[in-house]
Amino acid sequence: MLSRRDKSRSSRSGGGRGGSVGAGVAAGVAAAVGLTIGRKAATTVRIGKGHPLTHRVLDVAAGAMQPKYPLAAMSTYLNGFHMYADDMGRQVEASHFCIHLQHDLHQCVIFDRNEPDARLIGIEYIISEERFRGLPDDEKRLWHSHHYEVKSGVLVAPGIPDLAEHAYFEDLVTTYGKTFHTWQYDRDDFPYGIPQLMMAFTGDGQADEAQIHDRDRRLGVSASHKRQHRADIPEPTVLPGANPWESGRTVQTRLAEVDFRR
């Protein structure tokens with residue numbers, strides 16, 4: 001039988017173990033936070049090579065201290081291809097980072113690749129079939145359908161298990177997107193010019209297979225496998241007004257001089 005002194009010692013020992021566990025958890029959390037900050041700092045330093053020292057210090061500090069809520073809310077990473085609305089021969093890879101802003105609206109920022117030093121090349125808004133149906137006819141000409149991108153396997157969500165990806169694309173297959181690229185990186189290593197309207201593929205034989213194979217190899221995905229896995233996803237009927245280029249006529253942005261109003 002334990003003496004009163006032994007019980008007291010045992011109680012203190014138990015408290016010590018609890019305190020040790022609490023301290024361990026706190027240390028683990030601190031280490032995780034420190035690791036995250038360290039990674040951000042390392043990334044900032046990596047892409048800041050050649051910048052003045054003052055700029056690099058400010059970038060590292062801002063990366064560690066400033067909250068960036070819109071970026072933190074980006075929940076989906078998609079990779080696909082866009083073509084210029086007036087030129088099917090110009091096709092570019094696009095890495096989308098998206099926020100599900102409303103039940104029928106996603107907003108995405110687009111980079112040329114998923115790397116710390118990626119170039120910001122554009123934006124895309126994604127809406128539901130119901131919202132697209134209610135748009136004015138002139139507005140509909142700016143939008144493209146996603147039915148083929150999903151069914152063909154060209155559009156992928158890298159790193160997501162097939163089952164989860166399949167469920168996501170069951171919803172996305174009926175949506176419509178409006179995309180503008182602000183950087184024509186297939187031509188210039190600088191964001192010259194004005195934003196260009198982009199479109200998506202709607203049938204076999206349109207996409208550059210070499211680009212798709214290169215993307216698949218780099219990201220460890222397979223468009224052909226995705227196509228087979230999504231065969232059971234019902235293909236929707238595309239609503240009139242989308243994909244205007246299919247008629248042989250299309251729309252594109254142009255720079256025009258206009259009178260300034262005061």
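## Ground rules

Since the model is predicted, local features need pLDDT of at least 70 and side-chain atom pairs count only at pLDDT 80 or more, while totals for chains, interfaces and linings use all residues. Residues are numbered from 1 along each chain as its sequence is written, and side-chain values use heavy atoms, with hydrogens and water left out.

## The overall picture

The protein has nine helices and seven strands; these are DSSP runs, numbered from the N terminus, with helices being H or I of at least four residues and strands E of at least two. Of its 262 residues, 37% are buried, where buried means under 20% relative accessible area, exposed means over 50%, and partly exposed is in between (1.4 Å probe, protein chains only).

Take the contacts (heavy atoms within 4.5 Å) between residues at least 6 apart in sequence: 64% of them join residues at least 24 apart.

## Helix H7 and its cover

Helix H7 spans residues 162-172, and its buried residues are Glu165, His166, Phe169 and Leu172. Looking down the axis of H7, these fall within an arc of 120°, so they line one face of the helix. The arc is that of the directions from the helix axis to the C-beta atoms. Turn to the face away from the buried side and you find the exposed residues Leu163 and Asp171.

What sits over the buried residues of H7? The cover includes E1, strand E4 (120-127), helix H6 (147-152) and helix H9 (223-229). Strand E1 runs over residues 76-84 and has Thr76 in it. Thr76 counts as buried because its relative accessibility is 17%. Setting aside neighbours within four places in sequence, Thr76 touches His96, Phe97, Cys98 and Tyr168.

## Helix H8

Helix H8 (residues 209-219) has Ile212, Arg215 and Asp216 buried. Down the axis of H8, the buried residues fall within an arc of 100°, so they too line one face of the helix. Ala210, His213 and Arg217 are exposed on the face turned away from that buried side. The cover over the buried residues of H8 includes E1, strand E2 (87-102) and H9.

Rolling a probe the size of a water molecule over the atoms shows where empty space is left. A search of the whole structure turns up two cavities of 30 Å³ or more. On a 1 Å grid over the protein atoms alone, a cavity is a set of points where a 1.4 Å probe fits but cannot get out, a pocket is an open set with protein on both sides within 12 Å along at least five of seven lines, and lining residues have an atom within 4 Å of a point. Grid points are joined across faces, edges and corners, and a volume is the space filled by probe spheres set on the points.

The largest cavity holds about 50 Å³. Its lining is made up of Leu78, His82, His96, Glu124, Ile126, His144, His146, Glu149 and Leu155, and the elements giving two or more residues to that lining are E1 and E4. By class, the lining has three nonpolar, four polar and two charged residues; Ala, Val, Leu, Ile, Met, Phe, Trp, Tyr, Cys and Pro count as nonpolar, Asp, Glu, Lys and Arg as charged, and the others, Gly among them, as polar.

The second largest cavity has a volume of about 30 Å³. Among the residues lining the second largest cavity are Glu129, Ser145, Tyr176 and Thr237.

Thr237 lies in the segment after H9, and at 64% relative accessibility Thr237 counts as exposed. Thr237 and Ser145 are 92 residues apart in sequence, yet 9.8 Å apart in space, C-alpha to C-alpha.

Asn243 is also in the segment after H9, but Asn243 is buried, with a relative accessible area of 2%. Asn243 has a positive phi of about 50° although it is not a glycine.
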